[in-house]
Amino acid sequence: MSNLIKFKIDGKECMAEAGKFIVDAAADNGIYIPTLCNMKGVKPKGACRICSVRINGRLMTSCTTPVTDGMEIESNSAEIQDLRKSIIELLFVSGNHFCPACEKSGNCELQALAYRYQMMVPRYPYEFPMKPVDASSPRIIKDQNRCIFCKRCIKTIKDKNGRSYFVFRNRGHKLEVVLDEEMGKTIDIATAHLAMENCPVGSILVKEKGFDTPIGKRKFDKEPIGSDIKL
Amino acid sequence: MSKPVVATTSLAGCFGCHMSILDIDERILTLIELVEFNKSPVDDIKTFTKPVDIGLIEGGVCNSENVEVLKSFRKNCKILVSLGECAIMGGLPALRNGIPIEECLHEAYIGGPTVQLNKDGIMPNDDELPMLLDKVYPCHEIVKIDYFLPGCPPRADLIWDALVALVTGDPMKLPYEVVKFD
C-alpha cells in the first residue's frame, strides 16, 4: 500500500488511497458526508451539491473531488450543515413531496436527509408546481411531482444493449426525467424493481406494489441515514 | 401563579393531530394539572375568553373561515405552533393545489363517478359557506408561526415534549424517532 496519502477532515487525521473521491475516502475513515445524487459504482455527477465541503476556502462537491496529499477538508461546520439543510429544503419546496401519502416514505433518501438535519419546516415558500404522473407503462409509474433530477435512474437502469430506460426531456425549468415510451412497454419486473430501489425518492414506483413494510421497520425509521458509516 | 393557557383548533385537517394529543395517554392527567384549556375542540369552548399562551394549529388554510380563525389565534395567542404536516405544508388537502378550483368542484359535485343525486348540477353557493381559497396554504404563509411539529400525525411524545418544554421553559429533546413526516 504505497500510494496511501494523509489528509484531514474537520481536523481529524485520515488516510486513503490517492485518487479516491472524498466521500468514499471519508467513509473509509468512518466519516459520513451526505450524498443524494451519488451512487456507489456509478460515475459521480455532483448535481445535488448535498456533499459540498470547504477545501482551501472554496466549496467543492466531495463526490467528484479526489483527495490529495495534505488536503484539509471542512465538512461539519455550522455553515456547511446549514447549506446542506437549505438544499434539502429547496428540494422539498420545488416539488410536491407529500410524505404522508408517499409509498416511499420511510425508505426515501431525501426524507431521511431531512430527518438527519431535523428539517421542521422549509425556510422557502412552497411552490406547488403542477406536474404530471405517467402511468402508461404496464410496470412503472413515473411521478414527476417527486423527481429531483438526480439522474440515478438514467445512469443505472439500462437494457442488455446498454440503452437507458429513462431519459431527460426538455430543458431549464421544463426539464423532466421520463420513461422511454417504447422501452417502458417491455421493461421486465426485476428491472422495474431495481429502478424503484435506485430512485432516492418516490418518483419511480412499481405498479401493483403498495405499502408493504409497517411503520417502524422501514429503512430510516430508527437510524438516521449514514449510520452504517462508522469505524 | 396561574396556569399557562392552551388553545387548539383544526383548520383543513382531519383531527388526527388532536387524536395524537389524546394519545399521550395517562399523561393527560398531568397535562390538565399543568395547563388550562381555552378555545379548543377538546373542551368545546367556542370563543377565546382570555389571553392564551400557547395555540396549537392543526391543518392548513383552505378557505376564508380558516384564514379568520388562524388570524384570531395569532391575535389571542402568545405562541403559535403548527401541528402536523397539513399545518406545515398543506398536507393532503394541498394535493388540489395546481388543479383549478372549478375543476375540483366539478369533480366533487357534478362530474365525479360517485355523484348520483345532483341531477340539476348544483354547486354549493350559499353565502353562509366560507369561500374556498385558490389553493391550500401552509399556516406560516398566512401568519407568523413560532414553532413547527412535523408528523402525520406528530408523535404523541413529540407533542408532549414540546408542550412541557414550552410550559417549563426547559430546552426540548428531539430524539431521532419522534421527528417524522408520516
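Which strands of chain A form an open sheet of three strands, and in what order?

## The sheet in chain A

The open sheet of three strands in chain A has the order β6-β7-β10, with antiparallel pairing; strands count as paired if DSSP finds at least two bridges between them, and strands (E, at least two residues) and helices (H or I, at least four) are DSSP runs numbered from the N terminus. Because β6 (133-134) and β10 (204-206) of chain A stand at the edges with a single partner strand each, one side of each is left without a neighbour in the sheet.

Strand β7 (residues 140-143) of chain A pairs with β10(A) in the antiparallel sense over three bridges, and A:V206 in β10(A) is the bridge partner of A:I140. Across β7 and β10 of chain A lies helix α6 (residues 189-198) of chain A, which runs at about 140 degrees to β10(A); axes here are lines fitted to C-alpha atoms, for helices over the stretch in contact, with angles from 0 to 180 degrees between N-to-C directions, and contact means heavy atoms within 4.5 Å.

## Basis of the model

This is a predicted model, in which local features need pLDDT of at least 70 and side-chain atom pairs count only at pLDDT 80 or more, while totals for chains, interfaces and linings use all residues. Residues are numbered from 1 along each chain as its sequence is written, chains are lettered from A and ligands numbered from 1 in the order in which they are written, and side-chain values use heavy atoms, with hydrogens and water left out.

## An aromatic pair between chains

Over all chains, a search of the whole structure finds five aromatic pairs, where rings of Phe, Tyr and Trp (its six-membered ring) pair if their centres lie within 6.5 Å, and planes under 30 degrees apart count as stacked, over 60 as edge-to-face and the rest as tilted. The rings of A:Y115 and B:F181 are edge-to-face, because their centres are 4.9 Å apart and their planes stand at 70 degrees. This pair joins two chains, because A:Y115 lies in helix α3 (residues 109-116) of chain A and B:F181 in the segment after α6 (156-168) of chain B.

A:Y115 is buried, at a relative accessible area of 2%, and B:F181 is buried at 3%; buried means under 20% relative accessible area, exposed over 50%, and partly exposed in between (1.4 Å probe, protein chains only). Together with A:F92 and B:Y176, A:Y115 and B:F181 form one aromatic cluster.
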